[in-house]
Amino acid sequence: MATWKEKRIDQWLTKRIPPNDQYQLNVKNTFILPTRFGWAMLGLITCLFVLGTNYQNNVILMFCYFVFAIQLLSLFHCYTSFVQYHVSFREFENYYANENTYLRVSLHYNPNRSPLHALSNIAIYYKDHKRYSYLADGHNNIDLGKFKRGSHSIGRVSIESIFPFGLFKCWTHLSVPFVLLVYPTPLPSPLKLREMNQKGDDGNKVGVNTSSEDLQGLRTYRETDPIHHVSWKHFAKGQGLLTRDFSERAAVSGWLDLADYIHSDLETALSELTYQVNALSQQGSLFGLSLGKHQILPNHGVDHQSQCLKALANYQLKAVG
Amino acid sequence: MGWVLVLCVCSFVITGYKAQKNSPPLKNSVLNLLAILCISIIIWLASDYGLLKSMINLLVVSCCLKILNLHHTGDYQMVASIQLFLIGCGLIFHQSLGYSIFYCCLIVMLFCALHAIKVRETNYKNYSKQTLLLVLQAVPIALVLFFVTPKLNPLWKMPVAKGSQTGLSEKMTPGDIANLAKSDELVFRAEFAGDLPKPQERYWRAIVLDEFDGKTWSISERAKNFPLPSEVQFQGKSLDYSVIAEPTSTNWLYSLDIPILIQGLSTQRIISTQQFQLQSRTPLHSKGLYVVKSFIEQPLNIYNGFENTSFYLQTPTTGNPKTVEYVLNNISPSMSTRQKIDQLNALFADDDFKYSLTPPLMQTNPIDQFLFDKKTGFCSHYASAMAYMLRIANVPARIVTGYQGGELQSNNVISVHQFDAHAWVEAWDKDLGWIRTDPTAIVAPNRVLAGLLSSLENRAEFRNESPFSLSLLQDYALLNNLRLLLAEIDHTWSQSILRYNQESQKSLLKKIFGDMSPRSFSYAIIGSFVVIGIFIALLFIPRQRENKKEEQKWLETVFSLLEKQGHRKENSETLQQFSQRISPSLNSTASKSLRYITKVYYQWHYSQKTHSEPFAAVKDKMKKQLSTLKAAIKK
Amino acid sequence: MQEKIQQCIHAIGQQIKGKDAQIELALICLLSKGHLLLEDLPGMGKTTLSQCLSAVLNMQYARMQFTSDLLPADMLGVNIYEPDTHKFNFHAGPIFNQVLLADEINRASPKTQSALLEAMAESRVSIDGKSYDLPEPFFVIATQNPLFQSGTYPLPESQIDRFTMKLSLGFPSKEAERAMLLSESQSHEVTEVLTASELIELQESVSQVVVSEPVVDYILSLVNASRDSQEYPNALSPRATKAIYHCAQACAFVNDRNFVIPEDVQFIFSAVTEHRLRGQDQFAASTTLLSQSLLDKVNPMAA
């Protein structure tokens with residue numbers, strides 16, 4: 001039942017505050033209610049009114065109305081100071097499962113806001129991880145804690161302010177439109193590479209050093225590559241335009257295969273593969289990644305690395321977004 | 001309770017010390033033990049202090065203990081709300097201007113503290129300034145609410161505080177009042193609507209004492225009520241005045257003879273007794289206001305024939321033989337009451353009698369000792385001796401205590417202090433009723449005419465007894481004026497605070513909105529909420545920052561002038577580009593003057609690093625062109 | 001002095017028809033001691049413009065064709081062992097000229113590009129531990145082909161920032177092209193108008209042009225607008241701010257004024273900032289100029 005209720009609330013919120021990477025806080029996406037202290041203050045006002053009436057004491061009554069006026073003003077100040085803010089989320093960086101992840105939020109306020117609101121302060125609250133921290137003007141990195149590998153949708157974070165006096169709370173639930181991609185924790189392990197053209201074979205699992213001193217491997221053709229570097233042999237085989245890559249990099253190349261790493265459980269294997277992907281990329285090696293049905297052709301470079309890592313992160317998980 | 005104050009100070013000191021040392025909060029178990037201890041003490045003493053005071057002490061104690069371990073924002077807020085409530089409670093007891101200002105400061109400080117919670121700013125100056133601004137915004141709203149929200153009658157009876165009784169007591173042993181004379185505390189202020197009474201007529205009656213045991217006068221247990229005459233005719237001049245009495249925790253109120261209470265304008269429920277006293281139904285725990293009409297020329301004989309005066313002859317059977325002898329020797333039963341009084345008063349005309357604030361002790365047969373031995377005394381000695389002698393002379397007599405005199409504070413306000421406490425005698429005459437006779441006036445006529453402090457001798461004595469009294473500043477004109485001014489302000493404050501009730505609210509609203517039918521009353525309330533709404537809206541309407549320079553404002557007027565003609569300046573356009581763009585669509589005069597304005601403005605605005613001549617001078621140059629431009633485009 | 005500048009513009013205008021604004025901007029760039037990047041398709045007159053500039057100014061001029069196998073030493077010069085004297089003698093490369101035309105700069109390898117840009121920034125080169133000062137004035141006109149052409153190495157942001165201005169000439173109007181064709185028969189020699197020392201003098205007086213407080217505010221709010229908004233992939237650097245400032249001064253000077261007005265800033269703004277704002281995706285498929293959207297955002301009369 002609870003989940004059904006949550007779902008309805010979520011649906012309603014999505015309709016009311018559609019996901020976006022930046023939000024101007026305004027009447028549409030802001031909620032306001034007295035805090036616990038605010039309710040207590042209302043009780044106090046009632047007490048003071050009874051006190052003042054029963055003792056027929058004008059000063060107490062005056063005091064009572066004064067506190068009420070403060071309450072009233074607080075309501076307005078709370079709202080108006082809150083809607084001066086503009087919140088924008090930035091895309092997540094990529095993290096490993098053993099790292100703390102950070103939500104990147106920028107906060108800007110309307111430069112024309114009343115100087116009375118200069119002290120207003122807003123906090124960000126992430127329900128799932130019980131994180132509560134204040135936002136500074138400009139860029140903020142909010143610690144979200146650690147996540148398991150995979151793609152995570154952060155969902156909604158709450159932003160709230162109790163300025164002034166903490167009598168009222170203005171808040172909003174903003175959804176973070178970006179997907180948090182968490183790679184498996186890298187785990188050092190011995191390198192097991194399969195030779196390039198014998199992939200799938202069980203025979204040779206040893207790393208292969210290519211004979212040519214300079215030729216490092218093949219990569220997909222880019223427009224700026226000189227035409228004489230194109231590997232016509234592969235083209236003729238129907239593997240598309242590949243460029244022979246010359247460099248001074250260490251000449252290790254081959255396939256990383258998940259099957260070679262599975263000893264105990266899948267997670268450890270993925271962690272070890274992550275470590276290998278990073279190590280090989282750092283060396284500038286040419287390698288491919290084979291995860292069961294899903295295969296990434298041999299390549300090198302940062303893009304290739306992140307592609308491999310993403311595949312490792314999402315392996316056997318439903319990718320989000 | 002004193003120990004609560006000590007606890008308060010302790011907890012503040014500990015908190016301050018902890019803040020300095022950054023040490024962790026106290027353990028809960030320690031605090032809980034302390035709390036149980038404190039609560040049991042308070043419950044133990046509850047019967048002595050009464051419900052209200054015990055409750056307040058309980059709150060103070062809990063607040064003090066909570067301060068010792070503040071953890072979360074919620075704790076701070078809890079303490080703050082308790083403290084706000086305590087301020088409300090404090091206002092039950094003290095409403096004078098000074099206290100009100102003190103409480104205001106406390107309120108501002110509290111809100112400062114609340115504001116400081118969850119604010120990044122650490123500079124206390126900043127947030128205190130902001131708090132002050134916010135608080136000031138709340139004041140007008142509070143005022144409107146105060147004047148408009150209907151005032152209700154008390155919803156239910158509240159516990160009242162048992163205060164220590166001050167002022168006159170219900171027993172008088174000669175020498176008692178001398179203690180009061182050493183205090184310059186305010187007792188009450190009376191504001192007269194018309195004439196003031198003459199100084200020698202300012203006898204403020206409070207308590208009538210009729211039982212004497214040889215030493216002490218007290219109120220007898222006898223029923224002093226008697227059937228009233230059906231109709232009472234007052235004659236002669238009357239004085240109208242209102243009295244603001246300071247709290248005494250007794251029922252006695254003060255008035256000139258013969259008081260007729262104007263009900264309905266008083267904060268207290270008051271009855272008038274048949275001894276011409278005013279008595280509040282409940283002890284006066286906070287300031288009270290009542291309005292009285294006094295017929296000062298009417299002799300106190302209105303109850304003649306109704307009152308049984310025989311028990312005003314009661315005397316102790318033994319003691320004071322000399323006095324008895326003296327009276328029996330000097331008074332013959334054939335004398336009229338008046339003659340008897342005069343005869344006895346003649347005794348005091350003797351030069352040997354002295355008026356003193358510090359009379360010697362008189363233990364046995366005090367009246368004998370006073371009359372024939374020491375011959376030095378305070379008003380209570382004289383009154384006591386006189387009343388005793390009158391009773392022996394078979395004249396019904398009683399002692400009245402109250403206040404005599406008072407300081408003229410402004411044209412129509414008399415303030416009476418404790419040192420004005422006085423006692424005098426009333427003797428019964430068949431025709432005239434009760435005749436006031438004041439033996440002190442014979443011994444020390446100045447005491448009655450100009451007050452206690454008029455005689456230098458007394459002032460020196462007074463100074464010895466209470467060296468820090470403000471009343472001693474009378475010698476210095478400037479300081480005295482200041483003192484009187486402060487007293488005046490305080491009086492006005494209490495007057496306006498106490499006077500405002502349902503009646504005055506109605507009359508005020510009547511003044512503003514005309515006659516009040518229920519419907520127009522509700523209109524008024526709605527109207528005032530609209531006023532509050534508008535006020536708040538005004539605070540929150542987004543305003544352009546007023547830091548624009550003069551030249552920009554001037555330029556904006558030019559642009560808005562042209563915009564009315566359909567020539568809108570694009571945001572990215574400069575003045576020159578704009579004027580070039582629109583000049584084809586203007587007539588030649590207009591475009592010429594616009595070009596001129598552009599040229600002058602550019603020359604002034606951009607040709608120097610900082611402006612050497614003020615904009616006003618340049619504005620004058622362009623003024624004429626601007627008006628031609630205006631005229632040209634209007635065509 | 002001012003008429004000399006007008007003469008320059010006129011003289012170059014004889015050669016390149018209908019491009020007065022670009023010629024003026026190029027001169028402004030020169031006067032503000034900046035370097036110029038010309039970007040256009042082949043045959044649009046980039047080289048002509050740079051040749052004319054150097055001819056009018058009567059300065060030492062060298063042209064280098066950048067190719068992928070060009071090495072830094074080819075440009076900077078090299079120490080050569082002389083068998084007669086048994087010593088190494090420094091043979092200065094083409095960079096030791098007052099005007100250097102670096103043709104098709106994005107064809108050279110990054111190594112060579114960065115060597116040139118280092119020289120541009122520091123106005124000196126170091127070879128084998130010894131540093132040699134470049135001549136005064138030193139002015140680099142680089143041309144590049146649009147990046148989608150094959151065999152090019154895009155200039156990184158850090159280097160692109162070193163160029164004060166990037167101009168593209170664009171196709172001439174029909175009239176201008178007609179005039180070009182008709183004047184082809186009678187080819188003018190470009191007459192020299194300024195000497196190098198006169199140019200230095202002019203550069204000196206450009207720096208004397210008054211920039212008032214409101215104009216400085218305007219420049220700063222333009223720059224800040226680029227930093228505040230996320231529309232711009234690369235916010236303007238303080239170096240860009242300085243470039244705007246100096247170019248606006250030069251622009252006022254060219255227009256015979258001794259103080260800068262907001263129009264000057266607007267005139268040079270796109271040329272100075274567009275390439276910095278775009279960074280590496282110089283040819284991102286947006287038709288509107290980023291710099292123009294910045295100009296539209298900021299009200300020049302607000303300061």
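In chain C, in which helix is confidence lowest, and in which is it highest? This is a predicted model, in which local features need pLDDT of at least 70, side-chain atom pairs count only at pLDDT 80 or more, and totals for chains, interfaces and linings use all residues. Residues are numbered from 1 along each chain as its sequence is written, while chains are lettered from A and ligands numbered from 1 in the order in which they are written.

**View 1. Confidence along chain C.** Confidence (pLDDT, given by the predictor for each residue from 0 to 100) is lowest in helix α6 (residues 157-160) of chain C, with a mean of 77, and highest in helix α10 (residues 238-254) of chain C, at 91. Helices (H or I) are DSSP runs of at least four residues, numbered from the N terminus. Chain C has a mean pLDDT of 81, and 92% of its residues reach 70 or more.

**View 2. Helices α7 and α10 of chain B.** Helix α7 (residues 321-330) of chain B packs against helix α10 (residues 379-392) of chain B at an angle of about 55 degrees, their axes lying 9 Å apart. Axes are lines fitted to C-alpha atoms over the stretch in contact, and angles run from 0 to 180 degrees between N-to-C directions. The contact (C-beta atoms, placed from the backbone, within 7 Å) joins Thr323(B), Val324(B) and Val327(B) of α7(B) to Tyr388(B), Met389(B) and Ile392(B) of α10(B).

**View 3. Chain B against chain A.** This contact takes 42 residues from chain B and 39 residues from chain A. On the side of chain B that touches chain A, α5(B) gives the most, with eleven residues.

Technical notes. Helix = DSSP H or I, 4+ residues; strand = E, 2+ residues; numbered from the N terminus. Contact = placed C-beta atoms within 7 Å.
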